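Hi,

Here is the structure I promised to pass on.

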Amino acid sequence: MKQNGINRRQFLQWSALTTGAAVLAACAPAAAPSAATGEEAPAAAPSTVSYWYAWGNLDPAMAKIIETEEFQTHLGGATVEYKGSTNSDALLTAVAAGTPPDGASNYSYVELFTRGATIDVTDMVAASSVIDGDDVLEGLWNSAFWDGKMMGVPGIEGYLWWGLNVNVDKAEKAGLDTTTLPKTWDEVFEWHKALTTKDEAGNLLQFGLDPYDAMANEPDFISASFGFKWWDEETGKFDLNNPRMAEGLNVLGEFIRYAGPDQFAGMRQVEGQGTWGAAYNAGVQNMIMEGYWHPGETQIQQPDVAQYNRASWAPVPADRKDANIMATGAHFVVIFNQSKNKEGGFKIGEFFNTNTAQDIIFNEVGWIHGRKSWLATVDKSTFPGLDFYVDAANNVTEWTVGRRCPINAFVINQYTELREQVFRDLISPEAAAEELQKRAEAEWQAQGLG
Amino acid sequence: MTAITPRVRGMTKTEKRNQLLGMLFISPWLLGFLLFALFPLVASLYYSMTNYDFIRQPQFIGVTNYTRLFTVDPDFWTVMYNTLYYVGFGVPLGIAVAFLIANLLNSNIQGRTFFRSVIYIPSIVPAVCTAMVWLFILNVQYGVINGVLKTLGVPTIPFLSSPELAKPSLILIYVWAQGTAVVIFLAALQDVPRSLYDAALVDGANAWARFWNVTVPMCTPVLLFNFIMGIISAFQDFTLPFVLTGGGPMKSTEFYVVSLYRNAFVQFSIGKASAMAWILFLIILLFSVLLFRSSARWIYYGGEK
Amino acid sequence: MTSIPQTVSTPAQVVQHPSHRSQVLLGWLTRSATYILLVLLGITWIFPLYWMATSSLKDDPQIYTVPPVLIPDPAFWNNFGDAWTRFDFNLAAFNSVFLYSLPVTFFTLLSSMVVAYGFAKISWRGREPLFWICIATMMLPWQVTMVPLFITFKQFGWINTYWPFVVPSLFGNAYFIFLLRQFFRSIPEELSDAARIDGADEFGILWRIVLPLSKPAIAVVLLFRFLWSWNDYLGPLIYINTEAMQPLALAIYRMRTLALSMGTTSMAYPHLMAVSTLVALPIILIFIFAQRTFIEGISTTGLKG
């Protein structure tokens with residue numbers, strides 16, 4: 001009796017089965033890229049540069065930039081694999097996996113840098129013949145530094161962040177006088193009331209301003225508007241439990257109360273009525289707090305709405321009506337500790353500081369990078385509303401360099417929850433301010449920053 | 001089984017061979033158990049006692065993550081409340097509805113297979129697809145339900161955009177997807193001996209009495225089993241809340257695993273996420289123990305009747 | 001629970017004694033009420049899927065009309081093709097089928113069969129305690145181990161590949177090991193013994209005797225494992241981070257995210273509903289053709305969809 005071992009025929013059967021399976025599995029991951037966009041195998045080829053960004057609308061500009069001869073020469077013929085619409089989860093996962101791209105833009109720069117994921121590029125920038133710090137707006141240039149080190153290569157876009165953009169056609173139809181746009185919260189609220197309409201059953205049809213949309217989503221904005229500093233970079237102390245914070249929560253909350261919190265949230269769940277301009281482009285939202293990119297982006301995405309776009313100063317309370325508040329901050333190309341081709345990543349960032357790249361980005365996407373010599377060449381009537389942003393730089397009374405706090409994302413998250421509790425009348429604005437302060441301090445400590 | 005050879009000092013040759021073969025056959029599972037269950041469980045315990053963000057090296061901080069979760073963490077108790085609400089209302093309701101449907105299907109009707117399929121299919125369709133259609137149906141502006149309300153001139157219902165209604169709306173969808181339970185209950189109902197109903201009928205019991213005195217007691221084991229399994233799996237629900245509401249509005253649908261995912265893979269607070277994972281593990285362990293301990297009672301039930 | 005019933009037993013019929021007229025009337029009323037209830041429930045249950053399918057055929061005006069349009073007219077059949085190519089769903093389908101579902105299903109079956117054979121057909125010391133541990137791991141939620149496993153797989157460089165799904169499937173799955181073991185034990189030992197006398201070894205017995213007799217159980221494993229991987233969302237969400245590698249579930253979600261954030265989204269809903277329908281369709285078709293296998297799988301082990 002041959003009970004021990006496997007006889008030859010069965011051995012063959014089994015091994016055929018298992019090898020077949022193994023081959024199937026082995027082929028599987030390799031087969032995907034070839035079936036995909038023809039990406040090269042990541043065989044550490046030095047002549048490729050990978051560049052990721054979170055924006056969804058930069059792709060056409062990237063395609064054009066790469067086609068230029070100037071860019072090809074600048075990168076020494078290297079192939080650029082760019083990947084847009086890549087959210088921060090995907091990037092962080094890749095960082096965690098030790099396979100970050102060579103360059104990346106539009107992520108939480110400070111958080112990446114303070115955690116040691118990205119490198120200090122001071123020396124690379126100093127050695128560059130293309131990047132000239134003196135040619136870049138001061139606030140913008142300074143925003144590149146953290147603790148005296150340079151977090152990334154400024155470029156792509158970065159200019160004035162805050163303007164109240166208004167659809168004047170809708171405003172005129174609502175009987176408003178559009179020769180001067182509203183400046184104080186009281187005035188803006190009157191406009192909001194005029195621009196918010198409901199049907200007979202009480203359903204929201206359109207609204208004026210979502211006071212927490214786009215740039216107004218962040219604590220930077222409410223604190224600058226109401227004139228206090230929510231976080232001190234020097235001392236690392238929070239001042240969220242400020243009476244003016246409570247006041248702000250109440251004033252801004254009134255906008256949502258007027259439109260109806262549930263109706264408001266419901267509108268946002270509709271396809272094409274999301275935040276950051278979608279609802280504005282759809283003509284459902286008629287005022288929005290956005291920056292220099294808004295006129296161009298709207299023009300490119302929805303010209304029939306863009307033609308009525310006007311921009312003016314961000315709203316402030318009546319007792320601060322002469323304050324012209326403005327924030328700035330650059331976008332960077334950051335390079336990771338574990339990037340394979342750091343030089344390549346840097347060169348992409350460098351090239352964003354050329355007129356060629358800036359022209360393409362301006363025309364294709366509508367974005368501005370605050371390089372003075374290039375700004376001088378911009379026709380401010382290119383996009384409706386752009387003139388405000390081009391002229392504003394000299395009239396700002398209060399500057400904010402935005403998004404500096406290393407737990408900015410955390411604070412935004414908590415701020416979002418607590419302000420909603422305020423406008424739903426679940427807690428008082430004072431209690432919300434106090435709670436936000438408490439949570440921020442606890443997180444600061446939990447992260448070992450204190 | 002094959003031990004026909006007389007036993008000589010410990011194991012016979014056949015026994016030795018079987019011992020070796022048996023262990024060889026189950027070795028893939030044993031290895032997988034060590035690699036993909038035991039090791040990560042222990043590793044998870046270690047990470048839960050560190051401060052770790054994937055980028056910097058883990059720092060050992062003892063039970064700080066646990067104490068922070070229970071005391072200062074802004075979200076933990078909200079998340080716990082949301083999850084208990086969802087589990088506490090959703091599971092009993094799901095069981096009740098599924099059991100009633102199973103009873104309807106078990107009556108003397110034509111087309112049972114068809115109705116069973118209709119009820120069951122929603123539970124196997126990819127959750128992402130059902131999430132998409134529910135998003136659409138429950139939408140305040142263009143959803144079909146609110147479309148009908150608008151036609152009638154009635155105010156619309158903000159199913160997913162109101163913090164009060166978001167959880168009930170998700171429970172509604174949960175109940176809709178309980179087809180699996182219906183199938184299990186139907187199988188159990190069909191195993192109830194007919195003689196019991198006959199006897200009850202002879203005693204003059206009406207339909208309602210037969211349901212309470214025969215059907216329910218006979219199905220208690222399977223009801224209990226499904227109840228506990230339902231709790232365990234509802235605790236882990238992710239796709240529907242994540243896709244439908246993303247945890248909002250106002251964190252009212254931030255459920256346990258959604259929060260765990262966010263802490264781990266969005267905030268990269270690995271220590272905190274691991275502590276949450278262990279707390280989840282202990283909760284589920286508790287219910288598993290309940291399940292096993294109560295299983296003795298089901299066998300008793302089954303034996304007696 | 002020792003074997004899978006080959007046919008679903010006939011339901012316990014309500015005994016009727018048409019002794020007098022009122023009882024006949026009562027029976028008739030009960031049955032009518034049951035039918036009405038079932039039809040209403042059936043309509044409610046199927047409605048979301050009906051809405052998904054019909055909305056796929058509408059254009060924007062039909063989507064946004066109040067009162068809602070119940071039957072699309074005209075029907076835009078090309079929506080399916082347009083939606084499918086709006087993003088690269090062919091690639092996502094390739095990933096879902098060939099990188100994820102098929103290899104994972106195949107390896108799970110193979111490994112679970114071998115392990116189940118070791119637990120069912122060979123007697124050896126320590127078999128029972130190990131089998132209990134195996135059953136206990138069914139209770140260990142995947143979410144508890146996901147963080148350490150992610151860290152481990154990341155060290156292997158397996159992020160953005162399907163190895164984190166395929167490799168663990170080589171080590172068996174507790175649910176299916178349990179299911180197959182129960183089934184294998186119902187196969188008479190005489191058959192194996194006869195084969196042994198003919199000179200077959202254990203692999204030979206598994207391959208030539210047990211496997212051909214276990215087709216119903218194997219079908220259950222294949223179906224459910226395929227279903228789980230086809231429907232899986234959280235797993236790919238964690239491990240897959242490029243569009244080129246994403247499976248269908250992620251592709252749908254991404255389509256929805258983009259539709260929400262773009263100002264001009266013509267045909268957002270019809271296209272979303274169309275891809276959801278197309279991704280749900282294979283599952284529904286598989287169910288229709290393999291209904292009995294599904295029902296048996298659930299009734300025996302309580303497998304969830």
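In chain B, if you take the contacts between residues at least 6 apart in sequence, 65% of them join residues at least 24 apart. Keep in mind as you read that this is a predicted model.

Staying with chain B, it is built from 13 helices and two strands. Its radius of gyration comes out at 25 Å, well over the 19 Å that the globule rule gives for 305 residues, so the chain is more spread out than a compact globule. Of its 305 residues, 50% count as buried.

Chain B also meets chain C: 83 residues of chain B are in contact with 84 residues of chain C. On the chain B side, helix H1 (residues 13–47) gives the most, with 19 residues. That side of chain B has 59 nonpolar residues, along with 21 polar and three charged.

Next, the nonpolar core. The largest one has 311 residues, and those with the most contacts inside it are B:Val128, B:Val182, B:Phe185, C:Ile177, C:Leu180 and C:Ile252. Helix H4 (residues 89–120) of chain C gives the most to this core, with 16 residues. Leaving aside neighbours within four places in sequence, B:Val182 is in contact with B:Ala98, B:Ile101, B:Ala102, B:Ile119 and B:Tyr120.

Now over to chain A, which is divided into domain 1 (48–159 + 331–375) and domain 2 (163–328 + 400–446). The C-alpha centres of these two domains of chain A lie 29 Å apart. Where they touch, 17 residues of domain 1 of chain A are in contact with 15 residues of domain 2 of chain A. Helix H5 (109–114) and helix H7 (138–142) of chain A each supply at least two residues to the domain 1 side of that contact. By class, this side of domain 1 has eight nonpolar, seven polar and two charged residues.

Five strands form an open sheet with mixed pairing, in the order S8-S9-S10-S7-S11. Strand S8 (197–198) and strand S11 (309–312) of chain A stand at the edges with a single partner strand each, so one side of each is left without a neighbour in the sheet. Further in, strand S7 (residues 163–167) and strand S10 (residues 285–290) of chain A pair in the antiparallel sense over four bridges. To see how they line up, find A:Asn165, which stands opposite A:Ile288 in S10 of chain A.

One last stop is A:Phe362, in helix H17 (residues 355–364) of chain A. Is A:Phe362 buried or exposed? A:Phe362 counts as buried, because it has 23 C-beta neighbours inside 10 Å, and 20 or more are enough for that label. Apart from neighbours within four places in sequence, A:Phe362 is in contact with A:Gly296, A:Trp367 and A:Ile368. As for A:Val378, it is 16 residues from A:Phe362 along the chain, and their C-alpha atoms are separated by 9.1 Å.

That's what I have for now. Over to you!

Conventions:
Residues are numbered from 1 along each chain as its sequence is written. Chains are lettered from A and ligands numbered from 1 in the order in which they are written. This is a predicted model: local features need pLDDT of at least 70, side-chain atom pairs count only at pLDDT 80 or more; totals for chains, interfaces and linings use all residues. Domain bounds come from an automatic or database domain assignment. Two residues are in contact if their C-beta atoms, placed from the backbone, lie within 7 Å. Ala, Val, Leu, Ile, Met, Phe, Trp, Tyr, Cys and Pro count as nonpolar, Asp, Glu, Lys and Arg as charged, and the others, Gly among them, as polar. A nonpolar core is a set of buried Ala, Val, Leu, Ile, Met, Phe, Trp, Tyr and Cys residues joined through C-beta atoms within 7 Å. A residue is buried if 20 or more other C-beta atoms lie within 10 Å of its own, exposed if 12 or fewer, and partly exposed in between; C-beta atoms are placed from the backbone. Two strands pair if DSSP finds at least two bridges between them. The radius of gyration is taken over C-alpha atoms; the globule rule is 2.2 Å times the number of residues to the power 0.38.
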